[in-house]
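Here is a short briefing on how the parts of a structure touch one another. Look at the sequence and the model, then read the points below.

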Amino acid sequence: MTGAVTGPVARPGGGWHRLHPLSPLVRSGRTAVGLLALIGITAAAGLGQGGSHLYDGLAAALVAAGAVVNWLVTRWRLDGATLCIETGLLRRDSRQLPVARIQAVDVVRPFLARALGLAELRVRLAGSSHADGRLAYLPEQAALQLRAQLLAAHHGLDPATPEPAEAVLAQVPTGRLAGSVVLSSTSLVAVLLIAEVVLVTDVPRLVATTGGLVVVWVIGLAPVLWRRVSLEYGFTVAQAPDGIRIRRGLLSTVAETIPRQRVQAVRMSEPLLWRPFGWCRVEIDVAGSAARDRAEETRRARKTLLPVGPRETGWQLMRLVIGAEPPPLSAPPRRARLKTPLSYHFLAAGQDSATAMGVTGRIRKVTTWLPLAKVQSVRLVSGPVQRSLGLATVHLDAAGRDVRAEFRERPAAEAARLAEELPVLCRAARQRAQFAGGA
Amino acid sequence: MSGTTAVSPKSPSPRLWRMRCVQVAAAGLGAALVAGAAAGLAAGAPAGAAAAAVIAVAALVTLWFVRRRVRAWSYTERDEDLIVSRGVLVRRLSVVPYGRMQFVDVTAGPVERAFRLATVKLHTAAAASDARIPGLERAEAARLRDRLAALGEAKAAGL
């Protein structure tokens, strides 16, 4: 991806740089399009009497002026050890990003930017959740080059070092992605709704009552399916020295790097409809605030590692992310079937000295695997039915909203022993990890 | 681990039970008055008395449940982690390592303040880990808060 050395970025000790002059256009792209559409509609409908055109024009001009001013007052500089970004007209905001603390550098290309050959550079720092730097937008080449420079500087190499090679681990063919979307529960709902439409049109009386509702549902579901395709199109997972690198996107492309030490848990889910093909989906939970990823249209700290792929690939990726072999699993005792008749066939759990894994699910099999070093708390829960059967559930919570491995329906004695032993194992694993990470 | 089992579990202050009694009594009294007055106006005095009696019985039953719940709370400060156990019907036991604590909350609502009690809550990065201890004496809450904060700092671990 790294091309010839061009542009102003080549000088590492250089002075201040502006963003690309087209940035204001791209940044206010959506607003501008919306406003233009509004103006067009009002003009076409002949509603623009009494100077309402003036206000529309004024609003558009204000938005444009704001974007241009924002561009004018924004500048950035890389002086070896820090990346400085200054912005703001009234309230000056100067951000110093120490290269040593850089955790990941992502290149994001929204559709409009991509059409103009621009890219956004996002710098994420270790530890802090919101003091990350965004450079929107740079010419594509410059962005890739600056990225390589930052990463080289981060590893203490000569800034001219080209970006280290990455090993591609898995790619998702478009056909498989399309198949997985077709076989998802969302499209199942859509098909049922369409079937209902067909049914209803046979009985004319019902059209008026339910027809409209169904159309609304279909309109609501289509974007969901479309989003999955457009976000996960051309999905590539690669192993890079700074972490796992993911490239994806149809209209807007995203290249993000996930540092391995930030992974809290990995989860493999196997929906019923995918099982004949041996497909699975692998997701990872990453520590940190999820809100700042809004531009990537993923509001959660849960990232897809593999949207759809063979089970072996899924396991290979999970092993790589966790950096260990899966622990031996064991199923709960037979009497647990009385309490969980619908999910007993999947339930299993196990742990070794470094990781723990829990399998749950009724129709969709979900395997959660997490390193013990990431465990935040251990909980032992037993309800009345469980107690009467001599069972209990142990939860291992990791950072995040709903991230945990569950040891469901274990015999009470074993659960009590787990609640005793797991905190000790977790502490040992944590100390090992800290020791290995150089504190 | 040596010494981890030697620490005995502690319970919330006995005043928590008194506070809960007052809360249940106040709620029961209010409900009984309203129900009694409504039934009394609609169907005569005997109906009103019956409604009030039903509410009173319900309050007594609630009190029995609440008593068991209050008794079930306990917490143990071990060398490396805090254990909080609670619940009667669904029993829960949380083990939170001191190193995983993000911050400690001490809250006291108006009713708790009247009884000179406070609630201590531990927050970790995981939303699910619930380690809440209600009804602690103020001094004990402050001691626990300081101890947890000190231990959390000493044993802090990154994400």
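**Domains and chain contacts**

Chain B is split into domain 1 (14-70) and domain 2 (74-154). The model is predicted.

**Inside chain B**

- The C-alpha centres of domain 1 and domain 2 of chain B are 31 Å apart.
- Contact between these domains involves seven residues of domain 1 of chain B and seven residues of domain 2 of chain B.
- On the domain 1 side, two elements of chain B each give two or more residues: helix H1 (14-43) and helix H2 (45-72).
- H1(B) gives the most to that side, with five residues.
- By class, the domain 1 side has four charged residues, two nonpolar residues and one polar residue.

**Between chain A and chain B**

- Here, 25 residues of chain A are in contact with 22 residues of chain B.
- Which elements of chain A give two or more residues to the side that touches chain B? They are strand E17 (375-382), strand E18 (391-398) and helix H12 (412-436) of chain A.
- The chain A side divides into twelve nonpolar, seven polar and six charged residues.

**Strand pairing across the chains**

- E17(A) also pairs with a strand of chain B, namely strand E3 (residues 91-97).
- Five bridges join E17(A) and E3(B), and the two strands run antiparallel.
- Where does Val381(A) find its bridge partner in E3(B)? The partner is Arg92(B).

Conventions: Residues numbered from 1 in each chain as written. Chains lettered and ligands numbered in written order. Predicted model: local features only at pLDDT ≥ 70, side-chain atom pairs only at ≥ 80, totals over all residues. Domains from an automatic or database assignment. Contact = placed C-beta atoms within 7 Å. Helix = DSSP H or I, 4+ residues; strand = E, 2+ residues; numbered from the N terminus. Nonpolar A, V, L, I, M, F, W, Y, C, P; charged D, E, K, R; others polar. Pairing = 2+ DSSP bridges.
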